[in-house]
Amino acid sequence: MKKIYTGKTKDVYELENGNYMLQFKDDMTGENGVFDPGANTVGAHIEGIGRENLRVSVKFFEMLNAAGIKTHYVSADIDNATMEVLPAKPFGKGLEVICRYRAVGSFIRRYGAYIEDGAKLPAYVEMTIKDDDRGDPLITKEGLEVLGIMTGEQFDAIVKATKEITAIVAAEVEKAGAEFYDIKFEFGFNGQEVILIDEIASGNMRAYKDGKTLEPMDLTALLLK
């Protein structure tokens, strides 16, 4: 088993069967010890969150697969916090797809002069380039086309899939007694097929309860009870 990538919250290994293995860590994105799913730095270490993120990811991947939505999920070993996945090539050097039901986080930091903090959004989808040095800049559909990262048709298909996936996740969050705010995903190629990759974990989404942001472990506990 060969390590091929070291990430902020996961490491990636190549398996002998051609698939990959994701090793979930106990690190969370954020700044100065404060959790923020939109941050591009490791801001907090929470003992056991890697395993819990994996459990939530398995829950949602299995729901999506059952709904006929293609993902890279193959199997998981909860005790060892690992997940076997299909090999997938990212768009460009990596692209994050965010779906927002509420105006919070980086959205309100950018557009706060035009919208109130926490205002409702219509499942608004935006994409950012994964580039820590440049602060993960936003990119438009036209920009993705010009740079040869994806076609306009692929962009439209991913936006549609993102809204469908988010609706499933949001429904589970609401059923658990919390209010869903936003989430980020990644997509990639398995052969010629575009599929959902990475994870669907509490550390990649934002939810509120009683007017306060739920910490990842608290949201995980709600989703898994």
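In the predicted model, Asp131 forms a salt bridge with Arg134, with the closest N and O atoms 3.0 Å apart.

Arg55 is partly exposed, with a relative accessible area of 34%, while Glu52 is buried, at 17%.

Asp11 forms a salt bridge with Lys25, the closest N and O atoms being 3.0 Å apart. Because Asp11 lies in strand 2 (residues 10-14) and Lys25 in the loop between strand 3 (20-24) and strand 4 (27-31), the pair ties together parts that are 14 residues apart in sequence. Both Asp11 and Lys25 are buried.

Arg100, in strand 10 (residues 95-102), is buried, with a relative accessible area of 3%. A network of salt bridges links Arg100, Arg110, Glu126, Asp182 and Arg206. The side chain of Arg100 also makes a polar contact of 2.9 Å with that of Ser106. Beyond its neighbours within four places in sequence, Arg100 is in contact with residues including Phe107, Leu121, Ala123, Tyr124 and Tyr181.

Strand 7 (residues 73-77) and strand 8 (residues 82-85) pair in the antiparallel sense over 4 bridges, and Asp77 stands opposite Thr82 in strand 8. This hairpin has 4 residues between the strands, and Ala81 takes a positive phi near 55°.

Technical notes
Residues are numbered from 1 along each chain as its sequence is written. This is a predicted model: local features need pLDDT of at least 70, side-chain atom pairs count only at pLDDT 80 or more; totals for chains, interfaces and linings use all residues. Side-chain values use heavy atoms; hydrogens and water are left out. Two strands pair if DSSP finds at least two bridges between them. Helices (H or I, at least four residues) and strands (E, at least two) are DSSP runs, numbered from the N terminus. Buried means under 20% relative accessible area, exposed over 50%, partly exposed in between (1.4 Å probe, protein chains only). A polar contact is a pair of N or O atoms within 3.5 Å; within protein, one must be able to donate a hydrogen and the other to accept it, and residues adjacent in sequence count only if both atoms are side-chain atoms. Contact means heavy atoms within 4.5 Å. A salt bridge is a side-chain nitrogen of Lys or Arg within 4 Å of a carboxyl oxygen of Asp or Glu.
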